[in-house]
Amino acid sequence: MIKTKLVGFERELPPLSVTNDDLAKLVDTSDEWISSRTGIKSRHISTNQNTSDLCISAAKKLIEGAGWAAESVDMIIVGTVTPDYSTPSTACMVQEALGCVNAVCFDISAACSGFIYSLSVVDKFIKCGSVRRAVVLGAETLSKITDWTDRSTCVLFADGAGGVLAEASDEGGGILYEDIHSDGSKGSALVAGFRQNENPYFRGGYGRGRFIEMNGRDIFTFATRKVPESIKMTLEKTGVGAEEIKYFVLHQANVRINEIIAKRLRVPEERFYSNIENTGNTSGGSIPIVLAEMNEKGLLKKGDKIILSGFGGGLTWGTMLVEL
Ligand code: ACO
């Protein structure tokens, strides 16, 4: 049976790093409040790059690093809720910039689960035999949908892109199992990017959520309940013990969420790799950004089993068991 192997990991962060003290000059907050509540000390914020720019840089590094010919890429998917445009998709912009003329390209909107959803879709295309090589990216410029006068959200969110190369393989390993879900009934807990209809006939009201609006406590409760459930289900269904998992790579929303999840799974926190301290919450970008950082440090080794788990707006959540 064809397996989907992850064979490359890269990231691209905007150069500007904004500290908590920098933000305390914009809104009434402090380094102590932000770091004790979220674990964030600094985050990267774009000064001139849009989501497509970050994606193009990450994808270029991926393809060149693996020595893939641009024409050999069959599919490009970007998980993002902050594309440059509604159309063309960010994935089509990456295709154009890199000359991946044979790739089928589209974006997926699943907020902080966007990368997991994107990888899930690519996995199906690979397993049914119609794609052999894919570039899967998660990327955001959340700074453009953040209300920079709202201290309850502007301290959390950040910009960045990460990506992986997914390739068909006849060997064992690869993506072994996934558990993905959505619950639209709770979608109002996190809204962003509303666009008012300005046509001359429109008589409907104004919607909320041009900038990110979040019920932080509801999201906290959702994440600390659903993510451990999803990880436990994944391990149960595959018969893999938590002790066999080298690393748990979770969406980086908040260090406290991941600490609680680790406790609920009775797994030492050291196996939950975290980089939120210096990257903030990059939504769809966070999981591939973490993977790229881990790869740079030599932490991702062939044969290791890892858990990937995303959760966020929609609401959406999903877990994957991957053998590298
Ligand atoms: N600096 C200082 N004070 C602040 C700040 C700030 N940046 N933001 C809020 N406060 C104040 C509030 O005004 C409030 O003051 P009050 O008691 O006088 O009214 C007080 O701090 C407590 O506010 P809460 O919102 O209740 O703070 P809470 O302890 O719940 O922490 C947080 C907020 C960190 C967002 C928390 O709810 C959380 O971690 N939620 C998880 C959601 C999350 O991480 N979302 C990320 C995006 S979604 C995702 O990625 C899945």
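## Cysteines and disulfides

The structure holds 0 disulfides, a disulfide being a pair of cysteine sulfur atoms within 2.5 Å. Cysteine 92 is accordingly in no disulfide, and its nearest cysteine sulfur, that of cysteine 105, is 4.9 Å away. With 30% relative accessibility, cysteine 92 counts as partly exposed, where buried means under 20% relative accessible area, exposed means over 50%, and partly exposed lies in between (1.4 Å probe, protein chains only). For cysteine 128 the closest cysteine sulfur is again in cysteine 105, but at 17 Å, which is too far for a bond; cysteine 128 counts as exposed, at 58% relative accessibility.

## Basis of the model

This is a predicted model, in which local features need pLDDT of at least 70 and side-chain atom pairs count only at pLDDT 80 or more, while totals for chains, interfaces and linings use all residues. Residues are numbered from 1 along each chain as its sequence is written, and side-chain values use heavy atoms, with hydrogens and water left out.

## The shell around the ligand

The ligand is surrounded by 24 residues, of which the closest are Thr29, Arg217, His251, Asn254 and Asn281; a residue is near the ligand if one of its heavy atoms lies within 4 Å of it. By class, this shell has 11 nonpolar, 8 polar and 5 charged residues. Helix 7 gives the largest share, 4 residues, and the shell draws at least three residues from each of domain 1 (3–171) and domain 2 (175–193 + 208–323), with domain bounds that come from an automatic or database domain assignment.

A polar side-chain atom of tryptophan 33 lies 3.3 Å from a nitrogen atom of the ligand, and an N or O atom in the side chain of arginine 37 is 3.0 Å from a ligand oxygen atom. Arginine 151 instead places a backbone N or O atom 2.8 Å from a nitrogen atom of the ligand. Taken alone, the ligand exposes 1,000 Å², and the protein buries 74% of that, by the Shrake-Rupley method with a 1.4 Å probe.

## Asparagine 281

Asparagine 281, one of the closest residues to the ligand, sits in the loop between helix 9 (276–279) and helix 10 (286–296). Asparagine 281 is buried, with a relative accessible area of 5%. The side chains of asparagine 281 and histidine 251 are joined by a polar contact of 3.4 Å (a pair of N or O atoms within 3.5 Å; within protein, one must be able to donate a hydrogen and the other to accept it, and residues adjacent in sequence count only if both atoms are side-chain atoms).

Conventions. Helices (H or I, at least four residues) and strands (E, at least two) are DSSP runs, numbered from the N terminus. Ala, Val, Leu, Ile, Met, Phe, Trp, Tyr, Cys and Pro count as nonpolar, Asp, Glu, Lys and Arg as charged, and the others, Gly among them, as polar.
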